[in-house]
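Okay, thanks everyone for coming. Let me put the structure up, and I'll walk you through some helix packing and then the contact between the chains.

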Amino acid sequence: MSIVNKFTVRRAEITVAVVLALCSIALMTKSAQNRITWSAEENMGAGFLPFYLSLGMLICTVLTIVKFILKKSPQSKDTSAFIDPEAFKFVSVTLISLIVLVFTIGYLGIYFSLIFFLAFYLRYFSEKSISFITIFSLTTPILTFLFFEWLLKIPLPQGISEPLFYPVYDFMYGKITMPIKMIFIVLTIFLPTALVLLINRFIK
Amino acid sequence: METFGLLLDGVFTSLQWFNLALLIFGCLIGLFVGAMPGLGSVNGVAILIPITFIVPPTAAIIFLAAVYYGAMYGGAISSVMLGIPGASTAVATVFDGRPLAVKGEAMTALTAAAVGSFVGGTVSVILFTLFAPPLAEVALRFNAPETFALMVMAFATFVGLGGDDVPKTIFSILIGLALSTIGLDLITGKPRLIFFNIPGFLHGINFLVLAIGIYGIGEMLWTLEETKGKVQMSKLSVNMKEVGRAFGALKKTLMAMNIGSFLGFFVGILPAAGATPASLMSYGITKQLSKNSKEFGTGVPAGVVAPECANNSASTGSMLPMLTLGIPGSPTTAILLGGMILWGLTPGPLLFTQEPEFVWGLIGSLYIANFFTLVLNIALIPAFLMVLRIPFAILAPVIFVLCVTGGYAPTQSLHDVWLMLLFGFGGYVLRKLDYPVAPAVLSIVLGPLAENALRQSLILSDGSMGIFFDFASKPIAAIIMYIAIVLLIMPAFGPIYRKIFKKSPSKA
């Protein structure tokens, strides 16, 4: 964790300012692929605004760097750690798990990815029992499915798990009366809880 | 009289069962997000906006305005009980709310906060009703140059009144504007800033991606770092005797209520200000003017009432420019404004004539929401305390799930979810280094509107920028532009002022 301690606010300030300056230059270069001139006859080129906005960004980052060199900003004098090691664990694990979540959504689909994400996250950070984590990790994707796919009619990505949902769609849009559908929804929501309780009883 | 009739229509619109149900639901969610440390109105509205696509715009705005409103009430709960502001708007509530709770008078603090919020909300919504129609009438005469000048003033207010590092504030404004130019150019039809030829950039960057990234993911990372899951809850006894005593203590807070309500409303109208500076300012002024100013900070009800009045009043105030001018008065209203565009409405004064049901439904709902939130707030205090005991490790992943699904739903593209993660992390790092993030969100919402107004103005003037500074032909645009310039150069005079009056920055 010593690297975390050594990365001070001061160091972060200059690193971020330099990265932002480079990004501004990249934006200017990209904008210049379109016409960046402007005259009464030709009107404004498509690249004019993005180019000058990024130029403005570059000037701001240069000013931040100048303030840093002259030690005029509070961050330029701050030699405390940018993030303390304990908090670093929270932030980095959260970020990595989110990246893995979005990455797996493309392959496994959102619902299965959420199960793994929630199970991992709760196991890592909370002190809850395995039963609680299982119920929570299974119920949340079910509620997400019902809310988005049924109520809002917004399909979420399903990746390779898509064929598994065909029977559910058949049921959702089939000729089944609403009360039976509602009973099914309620049963589905409580299914994980019932399963976990049953398994617990069986193991005991 | 006409206004009264329209207001009555609006009240009836918001009392329709569907709208009323959404309003109460919105108040509850608002109270919840306000009470949770790390979540405020802006986070709640940003995360929830995608789910409003299935209801009509009037119902959607009533729901989101109720969330906004409820969050202003709810912020006080964690400020008092945990000593951690539920949202930045409730920072000033901690100053006296927490000491009251430590002294064992938590109920007094919570009642003072709820009543203060109610008074601030009521005064501001009356002022809103009085000011909105005439302002909208004036704004109806605005053309592209005036609209552009107004938007420049909105950006300039952040620089002049924001109080943050000036280059960093301007950077934040410019990056928001630059992000808003990504996609197809509306005039020439040419693609702009399509990085690595990824097709996802062709449809531009939806403001929600940035808003959910910064206020959902970024804010959660920030809160995880700040709290690390450790919170200390105060003890609270809830009974009628305590509530009665708490109301008795409010007799001496009349001045705080007045200052908070009126100051909050007018500060809320300013584009850069919003509820946070309004609450801090009204706390400061009430303290200065109070006979017992030395007692402030040790736990006096007036110290809770002033900021709570102000933050509710400012939240209503910030909706005034949003509805009448199409300029948001706070980050939350910036997101609401973006929502209006998504719902197919054109923000601005025309709303009053073209969509009266929407406008007056919203105004009417503010009256109703104010009442319901007060009742729900006091009645559900024990329930909110239970919610506050939920470990952050459980709440955080649920919010992440909402962010990921909310980021995906509007465009149904994983590309946007990746961008949201990037903005979330970027926003978190930048915020840690004191880059203000609210101007970026405001800019990405206003960017396309500002660009349109600029280019239309330049077509009108044959490419001359003089159109914005010509008192003879465009007096309103010129006045607004000069005010914007004054605001832009104002920070440069800070050091000179201090030199003349020999004040050190820390003392000033």
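So, look at chain B, where α4(B), residues 57–81, packs against α6(B), residues 106–139, at an angle of about 160°. Their axes are 10 Å apart. Anything over 145 degrees counts as roughly antiparallel, so α4(B) and α6(B) get that label. The crossing of α4(B) past α6(B) is right-handed. And keep in mind that this is a predicted model.

Who's doing the touching? From α4(B) you've got Y69(B), M72(B), Y73(B), A76(B), I77(B), V80(B) and M81(B). Facing them from α6(B) are A106(B), A109(B), L110(B), A113(B), A114(B), S117(B) and G121(B). Sort the residues of that contact by class and you get 12 nonpolar, 2 polar and no charged.

Now the other partner of α4(B). Helix α2(B), residues 17–35, packs with α4(B) at about 30°, and here the axes are 5 Å apart. That angle makes α2(B) roughly parallel to α4(B). This crossing is right-handed too. The contact of α2(B) with α4(B) has 23 nonpolar residues, 9 polar and, again, no charged.

Okay, on to the two chains together. How many residues does each chain put into the contact? Chain A gives 53 and chain B gives 47. On the chain A side, the elements supplying at least two residues each include β2 (43–44), α3 (48–69) and α5 (110–125). The largest share comes from α4(A), with 12 residues. By class, the chain A side has 34 nonpolar, 16 polar and 3 charged residues.

That's me done; happy to take questions.

How values were computed:
Residues are numbered from 1 along each chain as its sequence is written. Chains are lettered from A and ligands numbered from 1 in the order in which they are written. This is a predicted model: local features need pLDDT of at least 70, side-chain atom pairs count only at pLDDT 80 or more; totals for chains, interfaces and linings use all residues. Axes are lines fitted to C-alpha atoms, for helices over the stretch in contact, and angles run from 0 to 180 degrees between N-to-C directions. Helices (H or I, at least four residues) and strands (E, at least two) are DSSP runs, numbered from the N terminus. Angles under 35 degrees count as roughly parallel, over 145 as roughly antiparallel, 65 to 115 as roughly perpendicular and the rest as oblique. A crossing is left-handed if the near helix is turned anticlockwise from the far one by less than a right angle, and right-handed if clockwise. Ala, Val, Leu, Ile, Met, Phe, Trp, Tyr, Cys and Pro count as nonpolar, Asp, Glu, Lys and Arg as charged, and the others, Gly among them, as polar. Two residues are in contact if their C-beta atoms, placed from the backbone, lie within 7 Å.
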